Amino acid sequence: MLRAYNNLPSIASPAISICALKLSLRQALNSTSSSSSRRISTTFPLLSQTFTSSTSFLGLKRVMRMRNRPPLRASASYSTGNSHDVGREILVQHLLLKEEDKNIFLELQKRLVQGEDLSDLAVEYSICPSKEEGGMLGWVRKGQMVPEFEEAAFNAPVNKVVKCKTQFGWHLLQVLSEREESVLQDIQPEELHTKLQDPDFLEDAQFIDVREPHEVERAYLSGFQVLPLQQFGSWGPEVTTKLDPQKDTYVLCHHGVRSLQVAKWLQTQYLTNCGMKGFRKIYNISGGIHAYAVKADPSIPTY
């Protein structure tokens, strides 16, 4: 179990909802519309993070528009586009109606063509609990949604409203953005040691050591920037100025536990940045500097 630190944000309760139309949605949407008043974060198992009052869907829309994207309006077409790769994530919002409400569904299609916003209509008409966030399902990847919804979403051109029918009813959905999914994985000390001999690797990657200064004095790997976990409050808010989010990031500690906690937090920065700057590839050095000294470089002292 990861050790808890008072000054490190909880990895399990960050800022943006990644609640998706997962397979577990089958049970959630079998309930009546009375469940629609509940927050989506209390209805579905979370993939990563939940909305807070300060990061509502309206706030997310403002962020998206700050990226100089065109207004998120529906197009007149309801056809699907080309398939996307499995290793991508899409940011999805949707509206759900019961199967018997086909007339309302057709009317909402017309209103979207006339320029109304899908999120506004979701708040008013959707029977999915996500209506509380304007129909926002968050960033999702292949394998997290029921098949019919997934096929429509991953074939949908960005910003174009498409329709689909599932066992829950009729959906109007819109993909707001897409990106390569964030990667967090372990790297073994021997592999890292080999890579560190390559000057190009040293140039293309970045390295952080989250141990405390007194630990670094006892054993140190050249090229690692020291960002002590206990001082997270001072460097955490400015992490994107201290590090380049576009570079592969390698995280080190004594035995690999604290570094994993920081690596997971860095991954959430990718999620909360809505496809803008974020740490897409993070590597936790398995076993920490102790394992590195034992397995890869005996010249480094153990403690």
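1. E89 is a buried residue, its relative accessible area being 2%. In this predicted model, E89 pairs with R141 in a salt bridge whose closest N and O atoms are 2.8 Å apart. R141 belongs to strand β2 (residues 136-141) and E89 to strand β1 (residues 88-97), so the bridge ties together parts 52 residues apart in sequence.

2. The structure has five salt bridges. One of them joins the side chains of E99 and K165, at 3.1 Å from N to O. E99 sits in the loop between β1 and α4 (102-113) and K165 in strand β3 (residues 161-166), which places the partners 66 residues apart. E99 is partly exposed at 45% relative accessible area, and K165 is partly exposed as well, at 36%.

3. A further salt bridge runs between R258 and E215, with 2.9 Å between the closest N and O atoms. R258 lies in helix α12 (residues 257-272) and E215 in helix α9 (residues 213-218), so this pair ties together parts that are 43 residues apart in sequence. R258 and E215 are both buried.

4. On cysteines, the count of disulfides is zero. C164 is buried, at 8% relative accessible area. C253 is also buried, with a relative accessibility of 1%.

5. Helix α13 covers residues 288-295, and its buried residues are G288, I289, A291, Y292 and A293. Among the elements that cover these buried residues are helix α7 (189-196) and the strands β8 (248-252) and β9 (281-285).

6. For the overall picture, the protein contains 13 helices and nine strands. Of its 303 residues, 50% count as buried. Where contacts join residues at least 6 apart in sequence, 75% of them join residues at least 24 apart. The accessible surface is about 14000 Å², and carbon and sulfur atoms account for 48% of that.

7. Confidence needs a remark. The average pLDDT is 75, and 68% of the residues score at least 70. Over residues 1-85 pLDDT stays under 50, although the model has 201 contacts beyond four places in sequence for this stretch. Where pLDDT is low, the predicted coordinates should not be read in detail.

Technical notes
Residues numbered from 1 in each chain as written. Predicted model: local features only at pLDDT ≥ 70, side-chain atom pairs only at ≥ 80, totals over all residues. Heavy atoms only, no water. Buried < 20%, exposed > 50% of the residue type's maximum accessible area, 1.4 Å probe, protein only. Helix = DSSP H or I, 4+ residues; strand = E, 2+ residues; numbered from the N terminus. Contact = heavy atoms within 4.5 Å. pLDDT = per-residue confidence, 0-100. Areas by Shrake-Rupley, 256 points an atom, 1.4 Å probe, with all protein chains shown as cover. Disulfide = S-S within 2.5 Å. Salt bridge = Lys/Arg side-chain N within 4 Å of Asp/Glu carboxyl O.
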